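Have the model open while you read.

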Amino acid sequence: MVGVNDAVEDLPSAGEGGRAARAKVRCRTIEDDDLDAVVRLLRVGFPDRSEAYWRTGLERHRSQPLPDDVPRYGYVLERDGAIVGVLLALYRTVTDEAGTHLRCNLSSWYVLPEFRALGTLLDGFAMRDRRVTYTNVSPAPQTWRMHEARGFKPVCSGQMLVMPLLAGLGRGRRVRAATAESLRLLPEPEARLVADHIAFGCIGLVCSEGDKAWAVLFQRRAIKLRPGETRWPRLPCLQLVYRSTALDLPAFLGAIGRHLILRHAMPWFVLDAVGKLPGLAGHFFDGRAPKYARGPNPPATGDLTYTEVVLFGS
């Protein structure tokens, strides 16, 4: 990644005797010593999130291997030594059919109101490297058009609520919990990915037929029955956050449904989609929870591995 330098802006502030002074505001990377202040600021910006929510997610991300030339946590705006803005930028190294490349989940932007005019410094710092694919998996509705104006493309346009028990039996197809034994059926990199996400609190399944095996990962969460409506209760649910590229999901849907209802008392799950998926029983909600990416190697629809969705949880 391009080397990180400080960006500095002068802001007027009241000096002694009412004389105008110049206050320096700079953008820089988040260091380990900043985390207490960063968490305090994030709790101001996101009052429904606990301190444990932020600290758990940041600690999980901290354990992931990264190149030395990318920021570990993201960026802050600093005024005279005080942190007044933050943007989490969660990098990971991805190896897939396209080779090895960097992906960055832009997450949890907050700037104190009096410094909002300089908030674009955070965005500019975070998206300078054209080699990196940037994603936003939780954009606020008021930012959707802004993302598209900045060159982001939708990865999904909505979500589908799937009722797997309405599918066929799927005879000859086996679904079991991802354990040390069943993970041996998967390629080593995929087995490691699944094991990481089980440690994050996800539900991991191994689907097999004959001598072939594939993985599925779900994250526990609760979804709003009506987005934007606070009076309606949230629906306990699972969200599909990963599936093997070659997995025929409709073929395994019935077996997955039986496992989820028997082991986790859960009769449904949601997954990101660009429309109603053939072979899946359920309803597609257009415009619910769209996700965006910009860069040379966008993730597959529904791939939320190592993003805030799994690192921070619901």
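## Sorting the residues

A quick word on classes before we start: Ala, Val, Leu, Ile, Met, Phe, Trp, Tyr, Cys and Pro count as nonpolar, Asp, Glu, Lys and Arg as charged, and the others, Gly among them, as polar. Keep in mind too that this is a predicted model.

## The second largest cavity

Let's begin with the second largest cavity, which has a volume of about 30 Å³. Its lining is made up of Leu90, Arg92, Arg103, Cys104, Asn105, Thr135, Thr305, Tyr306 and Thr307. Sorted by class, that lining has three nonpolar, four polar and two charged residues.

Which strands each supply at least two residues of this lining? They are β4 and β5, and β5 gives the largest share, with three residues.

## The largest cavity

How many cavities of 30 Å³ or more does the structure hold? There are two. The largest cavity takes in about 110 Å³ of space. It is lined by 17 residues, and the closest to its centre are Val137, Val155, Pro299, Asp303 and Leu304.

For this cavity, β7 (153-162) and β13 each put at least two residues into the lining.

## The largest pocket

On to the pockets. The largest pocket has a volume of about 1,700 Å³. Its lining runs to 47 residues, and if you want to find the middle, Val137, Ser138, Pro139, Ala140 and Glu308 are the closest to the centre. Val137 is also among the residues closest to the centre of the largest cavity.

Helices and strands both show up around this pocket: the elements that give two or more residues to the lining are α2 (51-62), β5 (99-111), α4 (144-149), β10 (212-224), β11 (234-243), β13 (282-294) and α7 (308-311). The largest share, six residues, belongs to β10. By class, the lining divides into 21 nonpolar, 15 polar and 11 charged residues.

## The second largest pocket

The second largest pocket holds about 1,000 Å³ of space. Of its 36 lining residues, the closest to the centre are Arg92, Val94, Thr95, Leu193 and Tyr242.

The lining residues fall into 17 nonpolar, 10 polar and nine charged.

## Helices α1 and α2

Now for the helix pair. Two packed helices are described by the angle between their axes and the distance between the axes. Helix α1 (residues 35-45) packs with α2 at an angle of about 135 degrees, and their axes lie 9 Å apart. That angle makes α1 oblique to α2. Is the crossing of α1 and α2 left-handed or right-handed? The crossing is right-handed.

Which residues meet where α1 and α2 touch? On the α1 side you'll find Leu35, Asp36, Val39, Leu42 and Arg43, and on the α2 side Glu51, Trp54, Arg55 and Leu58. This contact has five nonpolar, no polar and four charged residues. Helix α2 is also one of the elements that give two or more residues to the lining of the largest pocket.

Technical notes:
Residues are numbered from 1 along each chain as its sequence is written. This is a predicted model: local features need pLDDT of at least 70, side-chain atom pairs count only at pLDDT 80 or more; totals for chains, interfaces and linings use all residues. Side-chain values use heavy atoms; hydrogens and water are left out. On a 1 Å grid over the protein atoms alone, a cavity is a set of points where a 1.4 Å probe fits but cannot get out, and a pocket is an open set with protein on both sides within 12 Å along at least five of seven lines; lining residues have an atom within 4 Å of a point. Grid points are joined across faces, edges and corners, and a volume is the space filled by probe spheres set on the points. Helices (H or I, at least four residues) and strands (E, at least two) are DSSP runs, numbered from the N terminus. Axes are lines fitted to C-alpha atoms, for helices over the stretch in contact, and angles run from 0 to 180 degrees between N-to-C directions. Angles under 35 degrees count as roughly parallel, over 145 as roughly antiparallel, 65 to 115 as roughly perpendicular and the rest as oblique. A crossing is left-handed if the near helix is turned anticlockwise from the far one by less than a right angle, and right-handed if clockwise. Contact means heavy atoms within 4.5 Å.
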